[in-house]
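Please read the following points with the coordinates open beside you. They are meant as a colleague's note on the model.

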Amino acid sequence: MSAAPLTAAERLQQMRLTVSPNIQYDLDSVFPKVNGWLVKGPIKRKHKLIVKVEPTLEEILRPGEEVLYIAKGVQYSFWEQYFLGAWAALINQTVFVLTNVRLLMLHSNTKGKPKDMSWMIYYSQITHFKSGWFGAVVVKLRDGKTFKYGGFTGADRKQMPKVFQQVANAYKERGFDPNVSQSRENLCYHCYSIIAKKEYVCSKCGAEYWQPSQIAWRSLMFPSWGDFLMRHYLIGLLELGGYLFGWFAVVTLWIGALGAADPSVMAFAAVITALFLIPAHGVDAILTYYIANKGLNRRLPPDPSRVHASEYAEIEVDGEPQS
Ligand SMILES: [Zn+2]
């Protein structure tokens, strides 16, 4: 009665879904479940995400690099949720791309279209990659950092640790353990080379990035400035509006207080002014510093005169059989 099970490639063909011929995929790994009931919906959704990520992948992947899995989650931290609320979810959308060489993390919009920031982790830098409580995916790194993600499907949470384990074992077998400047390396927005920890100029293309302190300093002087520099335009506008409204309220208060010529009313106005200015400038600067530190924020485009040597920039695909 039932036909022979299909391979992932056959299922995609049957569903008239295509993937980029310029990208090397292990389709049976990317689509581990293509037979049985209700498989078409998840395949369609996964394919939709893949199509959004492919233009970036075509530039980022190195010769010999093969895609094993793609999924989207949201990085989660209790404190960010507390301080930033819904905005935290927006700036933390992350597409995971597991290849035979590394785990790529691409900051994306809610649909999975990659945005400015991207990172990579060699599997030898991952000490723990598992599904945790409440549907979380937990990635612990050799330099002590831990990243938690929500929003992955049950299938993602099952397949990603499996793929990770397979590649991590292969890494061990061939003793592949590239030098890193930090476990999760920042990638250049323009050429996708590694930009080492605490460096803000790409050694390969000469593009320059903002240092977090440079952005935070500007937010301290003028709230919302940092948000605009990080290209968080909507939140920047909201913050600017709130800030100007705050000044309007403070000035109105002072006009009333000076008119009343009563020292206690003026003291009250002074307290309110401080309660407005300190968080508006100080807290914004601290949050801006924290957010700017997540990855690289574009400042100047590539420039050959800034190209220089760096021991970490090259992506190692070492030891892969050439096909
Ligand atoms: Zn670059």
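**Notes on the model**

1. K198 is placed in the loop between β9 and β10, where helices (H or I, at least four residues) and strands (E, at least two) are DSSP runs, numbered from the N terminus. Its phi is near 65°, a positive value in a residue other than glycine. K198 counts as exposed because it has 8 C-beta neighbours inside 10 Å; a residue is exposed if 12 or fewer other C-beta atoms, placed from the backbone, lie within 10 Å of its own, buried if there are 20 or more, and partly exposed in between.

2. This is a predicted model, in which local features need pLDDT of at least 70 and side-chain atom pairs count only at pLDDT 80 or more, while totals for chains, interfaces and linings use all residues. Residues are numbered from 1 along each chain as its sequence is written.

3. R231, in the loop between α8 and α9 (233-260), likewise has a phi near 65°, positive in a residue other than glycine. With 11 C-beta neighbours inside 10 Å, R231 counts as exposed.

4. At the level of the chain, ten helices and eleven strands make up the secondary structure, and the C-alpha trace spans about 90 × 55 × 35 Å along its principal axes. Of the 323 residues, 30% count as buried. Among contacts (C-beta atoms, placed from the backbone, within 7 Å) with a separation of 6 or more, 60% come from residues 24 or more positions apart.

5. The domain assignment (bounds from an automatic or database assignment) gives domain 1 (8-197) and domain 2 (212-300), and their centres, taken over C-alpha atoms, are separated by 37 Å. Ten residues of domain 1 are in contact with eight residues of domain 2. On the domain 1 side, the elements that give two or more residues are α5 (86-91) and β4 (114-122), with the largest share, three residues, coming from β4.

6. Nine strands form an open sheet in the order β5-β6-β7-β1-β2-β3-β4-β8-β9, with antiparallel pairing; two strands pair if DSSP finds at least two bridges between them. The edge strands, each pairing on one side only, are β5 and β9 (194-195). Two bridges join β1 to strand β7 (residues 146-150), and these strands run antiparallel; G150 in β7 is the bridge partner of V74.

7. Which residues of α6 are buried? They are D156, Q159, M160, V163, F164 and V167, and because they fall within an arc of 135° when seen down the helix axis, they line one face of α6; the arc is that of the directions from the helix axis to the C-beta atoms. The face turned away from this buried side carries the exposed residues G154, N169, K172 and E173. Cover for the buried residues includes α2 (27-30), β1 (67-75), β2 (93-99), β5 (126-131) and β6 (137-141). Just after α6, G175 takes a positive phi of about 60°.

8. Helix α10 (residues 263-292) has 30 residues and reaches 42 Å from its first C-alpha to its last, close to the 44 Å expected at 1.5 Å a residue, the expected span being 1.5 Å times one less than the number of residues. D284, A285, T288, I291 and A292 are buried in α10, and what covers the buried residues of this helix includes α5, β10 (208-210), α7 (212-221), α8 (225-229) and β11 (297-300).

Terms used: Two residues are in contact if their C-beta atoms, placed from the backbone, lie within 7 Å.
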